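Colleague: I have a new model open and would like to learn how to read it. Could you take me through it step by step?

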Amino acid sequence: MANEMIVAEEGNWLAIRGEGGAVPLPFRQKIFLWRGSIASSSAMKEARKGMVKVRKGASLVLRREKNPFFPDESAILVLTEKGEEIGFVPHRVSPILARLMDAGKRLVAEFKRTDRIAEAWLDVVVSISMEEI
């Protein structure tokens with residue numbers, strides 16, 4: 001049985017039926033939004049050091065949370081999957097991403113790389129996408 005769309009002749013409803021009764025997800029996609037360095041403070045330095053061990057492509061967690069270091073109503077905290085705080089999405093891009101998150105959109109972050117800037121400082125580069133279902 002192929003995917004089929006059923007439109008009721010009476011009433012206002014539409015049904016989609018796929019192979020084995022499953023609903024097909026033809027439009028499920030990951031939409032790239034931003035890639036860049038996350039902002040941080042010295043308080044997050046230890047967690048950032050641990051990023052050297054994180055593999056490229058690892059998932060990171062995004063959470064709307066006030067930034068105690070910068071007055072930003074659209075702050076988005078970036079954490080490891082273990083819950084270690086590693087930085088914030090920069091203010092220049094956070095307002096748009098925050099509005100998407102506040103509207104219920106699913107944003108996902110992926111670790112890309114670290115660049116050593118100074119002896120005790122790592123620049124953490126991430127990619128953020130929206131998953132549409």
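Colleague: Let me start with one residue. Is S129 buried or exposed?

Modeller: A note on the model comes before that. This is a predicted model, where local features need pLDDT of at least 70, side-chain atom pairs count only at pLDDT 80 or more, and totals for chains, interfaces and linings use all residues. Residues are numbered from 1 along each chain as its sequence is written, and side-chain values use heavy atoms, with hydrogens and water left out. Now the general idea: buried means under 20% relative accessible area, exposed over 50%, and partly exposed in between, with a 1.4 Å probe and protein chains only. S129 has 9% relative accessibility, so it counts as buried.

Colleague: Where is S129 found?

Modeller: Helices (H or I, at least four residues) and strands (E, at least two) are DSSP runs, numbered from the N terminus. S129 sits in strand β8.

Colleague: Which residues is S129 in contact with?

Modeller: Contact means heavy atoms within 4.5 Å. Set aside the neighbours within four places in sequence. S129 then touches K30, I31, F32, L33, R106, L107 and V108. Take I31: it is 98 residues from S129 in sequence, yet the two are 5.3 Å apart in space, C-alpha to C-alpha.

Colleague: What about S127?

Modeller: S127 also belongs to β8. It is buried, with a relative accessible area of 9%. Beyond its neighbours within four places in sequence, S127 contacts F32, W34, R35, V108, A109, E110 and K112.

Colleague: How many residues of β8 are buried?

Modeller: In β8, 9 of the 12 residues are buried, so the strand is mostly covered. There is a general point to keep in mind for strands. In a regular strand the side chains alternate between the two faces of the sheet.

Colleague: Which strands does β8 pair with?

Modeller: Two strands pair if DSSP finds at least two bridges between them. β3 and β8 run antiparallel and are joined by 8 bridges.

Colleague: Let me turn to a helix. Which residues of α2 are buried?

Modeller: Helix α2 covers residues 94–102, and its buried residues are S94, L97, A98 and M101. Look down the axis of α2: these residues fall within an arc of 100°, so they line one face of the helix. The arc is that of the directions from the helix axis to the C-beta atoms. On the other side of α2, I96 and R99 are exposed.

Colleague: What covers the buried residues of α2?

Modeller: The cover includes β3 (29–37), β4, β5, β7 and β8. After α2 comes G104, whose phi is positive, near 95°.

Colleague: Now the pockets. How much space lies in the largest pocket?

Modeller: First, how a pocket is found. On a 1 Å grid over the protein atoms alone, a cavity is a set of points where a 1.4 Å probe fits but cannot get out; a pocket is an open set with protein on both sides within 12 Å along at least five of seven lines, and lining residues have an atom within 4 Å of a point. Grid points are joined across faces, edges and corners, and a volume is the space filled by probe spheres set on the points. The largest pocket holds about 230 Å³. Its lining has 13 residues, and V54, T80, E81, K82 and E84 lie nearest the centre.

Colleague: And the second largest pocket?

Modeller: Its volume is about 160 Å³. Among the 16 residues that line it, K30, S59, V108, A109 and E110 are the closest to its centre. β7 gives the largest share of this lining, 5 residues.

Colleague: Last, the whole chain. What is its secondary structure?

Modeller: The protein chain has 2 helices and 8 strands. From the N terminus on, the order is β-β-β-α-β-β-β-α-β-β. Of the 133 residues in the chain, 35% are buried.
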